[in-house]
Amino acid sequence: MRALLLVDIQNDFLPGGALPVPQGDEVVPVALRLLSCFEVKVASQDWHPADHISFAANHPGKQVGEVIQTPYGPQVLWPVHCVQNTPGAELAPPLAQRRRELNHVVHKGTDSRIDSYSAFFDNGRLRSTGLEDYLRRRGVEELFVMGLATDYCVRWSVQDALELGFRTWVITDGVRAVEPQKAPEVLQQLRQRGAQLITSQELLERKPG
Ligand SMILES: [Zn+2]
């Protein structure tokens, strides 16, 4: 069984949002096109409490982009984004309208004390989001990943998926990076770790499964 994983396609990561990923909106139509091709469709949502450790505003004197040391390692400080139950945390509107087609949605970054780039584990790998269990229960062995952003949450999710033993694909036209100039290098690194790269067009031309 194969599954589609849509990573953090949320208003705050789109142009006009609190933490916009350049051209992040371009992944939305790709996601919509692919929904009908998969039996198992899963999405992650960054879902922070207002006092979250990753917000520069919660560290007096610190600026967005600075890195702080935490018990789980270095933490980049971000603008306040994806606060639970705010419009910025909602899925992009066309995707939100089709939310019923999603079989499962995982919330991540819900603990104030630790960030969670990956859709599987927090950044200290202390707690699981339950995504692995869900996919195993559904008999998923092959995972197709797209969303935002290539260099953070997609990257960490793909790395965890590979480590967990899923056959993992990155949909190259379905991802955008916080730092676009680094995207090719990130994709190359993921490929070296065992991920396969595919375009949404190539995927659509394959037999649905
Ligand atoms: Zn976040």
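Colleague: Where does Ala 149 sit?

Modeller: In the loop between β6 and α4. Helices are DSSP runs of H or I with at least four residues, strands are runs of E with at least two, and the numbering starts at the N terminus. Keep in mind that this is a predicted model: local features need pLDDT of at least 70 and side-chain atom pairs count only at pLDDT 80 or more, while totals for chains, interfaces and linings use all residues. Residues are numbered from 1 along each chain as its sequence is written, and side-chain values use heavy atoms, leaving out hydrogens and water.

Colleague: OK. Is the peptide bond from Leu 148 to Ala 149 cis or trans?

Modeller: Cis, with omega near -10 degrees. Most peptide bonds are trans, and most residues other than glycine have a negative phi.

Colleague: Which non-glycines have a positive phi, then?

Modeller: Gln 23 is one of them, at about 60 degrees, and Cys 82 is another, at about 50 degrees. Gln 23 belongs to the loop between β1 and α1, and Cys 82 to the loop between β4 (73-76) and α2 (93-96).

Colleague: Is Cys 82 buried or exposed?

Modeller: Buried, with a relative accessible area of 0%. The cut-offs: buried is under 20% relative accessible area, exposed is over 50%, and partly exposed is in between, using a 1.4 Å probe and protein chains only. Gln 23 has 46% relative accessibility, so it counts as partly exposed.

Colleague: Back to α4. How many of its residues are buried?

Modeller: 11 of the 14 in residues 150-163, so the helix is largely enclosed by the rest of the structure. Among the buried ones are Tyr 152, Cys 153, Val 154 and Leu 162.

Colleague: And what covers the buried residues of α4?

Modeller: The cover includes β1 (2-7), β5 (104-108), β6 (142-148), β7 (167-176) and α5 (183-192). After α4 comes Gly 165, with a positive phi near 95 degrees.

Colleague: What does Leu 35 touch?

Modeller: Leaving out residues up to four places away in sequence, Leu 35 touches Leu 4, Leu 6, Lys 41, Leu 95, Arg 98, Glu 101 and Leu 102. A contact means heavy atoms within 4.5 Å. Leu 35 lies in α1 (residues 27-35) and is buried, with a relative accessible area of 0%.

Colleague: Zooming out, how many helices and strands are in the chain?

Modeller: Six helices and eight strands. The radius of gyration is 16 Å, close to the 17 Å that the globule rule gives for 209 residues, so the chain is as compact as a globular protein of that length. That radius is taken over C-alpha atoms, and the rule is 2.2 Å times the number of residues to the power 0.38. Buried residues make up 54% of the chain.

Colleague: What share of the contacts comes from residues 24 or more positions apart?

Modeller: 74% of the contacts with a separation of 6 or more.
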